[in-house]
Amino acid sequence: MDNHEKASGNTTKRRDFIKAGALAAGGFMIVPRHVLGRGFTPPSDKLNIAAVGCGGKADFNIKQAYNNGTENVVALCDVDDRQSEKYRKQFPNAPYYKDFRKMFEKEAKTFDAVLVTTPDHMHYPVAIAAMELGKHVYVEKPLTKDIWEARMLTEAAKKYKVVTQMGNQGSSSDGTRNTEALVQSGAIGDVHTIEVWTDRPVWPQGVKSPKDKGESQPVPAGVDWDLWLGTAPKRDYHEAYMPFRWRGYWDFGTGALGDMGCHFLDVPFRALKLGYPTSVECSVGSVYADFFQQAFFDDVAPPSASIHLKFPSKTPGKEINLNWYDGGMRPQLPDGCDYKTVFGSVDGGMLFIGTKGIISAEMFGENPRLWPESKFANVRIATKPRALVQGGWQGHQQQFVQACKKGYGAYTSSSFDQSGPLTEIVLMGNLAVRSYLHREAKADGKGFTFPGRQRLMWDGANMKITNFDVANQFVKREYRTGW
């Protein structure tokens, strides 16, 4: 109550009126804005948020969603007390848990939405458990660890009728929309080839893991290592896995493609309305332990990879080729393009190659350019991008928050009906890489064969590789007992 109300002769009557109204409603009360005054967000207008994961990227997600107090953070969960310390101090009244299952069991009535910012292998179990409770979910990219999980979350969003968003902020950027509109304008004709590249990994890949070296370390105080492992197979703790460096390990992460693919591939996915790929093939960078002795590290993703996907084209009898390069590899520069412009961003970039020209852009579709410049210098191209998101890519979390307040059906840039199929495309590349690395001992015991080094044919509707059954083990993984 403010000083003005204390001085008012109507204070007692107002208090009695509100109390009576609350009792009549069974104790539930939504206070009108005019009672609280301008500039004050009533509790009923705030989204109550639970966070699973409090460090790393979660720091950004929580901050953006909380929005300086326009929303509430009512519950926190992290398996690592070191990572959660900042937000435990900032929100001392928010109950803190290490096991998200216990948090959901005890606090479900207190929160409306969940931010899921964990290693990739725990995205699905946390998200599906929240959705089954009818909670809205924001899940970091990639949406899931494997293709089956992505398909299940896409279907679950419809079943449980909750608001969803994947954490690929670029889907809310102006650049994504502008590049999409430019491609769809027809300026470069029919797009037949897309080249995408990134500098990732910027963490160790193509190295021998502590598990393979038989190394382990004591679990740090405040870390529940068994909960961190979650669905992944049992292994000893080592600082090489956490925090963040888990990305390169197949049991936990999805490598460079999983980290950056949902940012880069999102633009062509939307611009060309790509569906399921029809095939995928790849090659990977090799590591040699000694002269003519190739090292084989099946616990860790390779240092680099090139991945080639084919999609049906709207033009009968034609295909769209999507090529991905990571680990510092890049495509050949097409004629008519400027090297420093096309390859100027350290994060990577993309090229749309059509029958009439080329479009280059950076991550999030930023800075689209038409090539060759001489052809398009005096050409005016009318484009009409989709509605922009308030705050651009930095408004991604708040867009989700506001959609949660409106309810199921409210638009978000990367709802699971979009981000689920996108994630499947990304993870198809990893399926190819893991198939490429699959080896079988020769009958004579002398060396190995690599039968997965071929073009893999994909039946998207049924989530199945049709010409190399071994690859289907990478569509859906086995969870550890108890998960």
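Predicted model: local features only at pLDDT ≥ 70, side-chain atom pairs only at ≥ 80, totals over all residues.
**Exercise 1.** Determine whether the residues of helix H12 are buried or exposed.

*Solution.* Step 1: locate the helix, which spans residues 255-264. Step 2: apply the cut-off, by which a residue is buried when its relative accessible area is under 20%.

**Exercise 2.** Describe the largest pocket and state which helix gives the most to its lining.

*Solution.* Step 1: the space in the largest pocket comes to about 780 Å³. Step 2: 41 residues line this pocket, and those closest to its centre are Gly 55, Thr 117, Thr 118, Pro 119 and Trp 246. Step 3: at least two lining residues are supplied by each of helix H7 (123-132), helix H11 (225-229) and H12. Step 4: H12 gives the most, with three residues. Step 5: sorted by class, the lining holds 20 nonpolar, ten polar and eleven charged residues.

**Exercise 3.** Find how many cavities of 30 Å³ or more the whole structure has, and identify the element with the largest share of the lining of the largest cavity.

*Solution.* Step 1: the search finds one such cavity. Step 2: the volume of the largest cavity is about 80 Å³. Step 3: its lining has 14 residues, of which Gln 205, Ala 301, Pro 302, Asp 326 and Asn 430 are closest to the centre. Step 4: two or more lining residues come from each of H12, strand S11 (305-312) and helix H17 (416-437). Step 5: H12 holds the largest share, three residues. Step 6: the lining divides into eight nonpolar, five polar and one charged residue.

How values were computed
Residues numbered from 1 in each chain as written. Heavy atoms only, no water. Buried < 20%, exposed > 50% of the residue type's maximum accessible area, 1.4 Å probe, protein only. Helix = DSSP H or I, 4+ residues; strand = E, 2+ residues; numbered from the N terminus. 1 Å grid on protein atoms, 1.4 Å probe; cavity = no way out; pocket = protein on both sides within 12 Å on 5 of 7 lines; lining within 4 Å. Points joined across faces, edges and corners; volume = space filled by probe spheres on them. Nonpolar A, V, L, I, M, F, W, Y, C, P; charged D, E, K, R; others polar.
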